[in-house]
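The sequence and structure come next.

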Amino acid sequence: MRLARSRVVVTLAALSLVGAAGLLAGCQRKEAEVQAPELPVQTVSGFLEIGGVLDRRGEQGAVFEVSPETGDLVAFVFDPKSALGQRLLSQCVQNMPCLVEGVRARPMDSQTPATTVLTELGFSVSPSAWLGMIDAGPARVESALEEPEMQVKTRFGVVAVQERDSSVVLNGQTVLPSQEESMRIMRNAPVGAEDVLLLQSGSGTACPALFQVLVVSAQGVQVSPKFGSCSDRVFAVVEEKRNQAPRLSIRMLGFAGPFEPEEEQRKAAQKLVEFVYQQGALTLDGKPVPSQ
């Protein structure tokens, strides 16, 4: 499943949450009522559809969205212990894109003690505005990858997937031989001095998606083994932290196949699986991903 309106990819400047919210910037808000003018403080908004990244810190939670109107980062705050908060936490997953329908929210005064406390909780970003969520409808985790492409331009040349056999070439030279399943380029991200491409293969209900990382640099080309949980609800974001080499975080939900018990499917869909590419190494939970 993909975001219904837009899947814009950005690079993080500090922590992954900024990029996570940024990729949802194109998600257009859907108002069930007549378009309202700019709302003053203490006025309740109309019903909105928001798309952002779920984050929780202590006694507070928030969905961080980049406003499609202004480009500003907005935090929709909720109480994790409330009925609304429990529902959001059960339907979405920490640090993954979350689409929430039917949101009503009240702008919060940035000078109040309550808002001051929010800024001190250690959220990974500092939004331009805080809105308190009053109510919301259904919520769900969404994928946040680029539209599939057969060809992209990197800093080191053109990478293309050949339609006839799903082989991959760089500047006309084969770097990945023919594949049994169709291959698509889902992400093209500069990670330091390397350009990192996320390739997706797989189809069907048994295992909707598997991935490979193709790295292009001045030193040559590197291709990872196939990896993934089989879920196609995926979010790939570049993380750049002080005193650390940049890395590509590839997050996805866990996956249990259609023949597994419904409870197992539900539990898997609430689990976050994170693969990390950094300086030539692909890891899961800090351990190298083995070749298949």
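In which strand is Arg-251 found? Arg-251 lies in strand β16, residues 247–253; strands are DSSP runs of E with at least two residues, numbered from the N terminus.

## Basis of the model

This is a predicted model, in which local features need pLDDT of at least 70 and side-chain atom pairs count only at pLDDT 80 or more, while totals for chains, interfaces and linings use all residues. Residues are numbered from 1 along each chain as its sequence is written, and side-chain values use heavy atoms, with hydrogens and water left out.

## Arg-251

Arg-251 counts as buried because its relative accessibility is 3% (buried: under 20% relative accessible area, 1.4 Å probe, protein chains only). The side chains of Arg-251 and Ser-249 are joined by a polar contact of 3.1 Å (a pair of N or O atoms within 3.5 Å, one able to donate a hydrogen and the other to accept it; residues adjacent in sequence count only if both atoms are side-chain atoms).

## The sheet β7 to β10

Four strands in the order β7-β8-β9-β10 form an open sheet with antiparallel pairing (two strands pair if DSSP finds at least two bridges between them). Its edge strands, each pairing on one side only, are β7 (151–154) and β10 (173–176).

Within this order, β8 (residues 157–161) pairs with β9 (residues 168–170) over three antiparallel bridges. Val-159 is opposite Leu-170 in β9.

## Pairing around β5

Strand β5 (residues 129–135) runs parallel to β3 (residues 73–78), with four bridges joining them. Here Val-77 stands opposite Gly-132.

Strand β4 (residues 97–107) pairs with β5 in the antiparallel sense, over four bridges. Pro-107 is opposite Leu-131 in β5.

How values were computed:
Buried means under 20% relative accessible area, exposed over 50%, partly exposed in between (1.4 Å probe, protein chains only).
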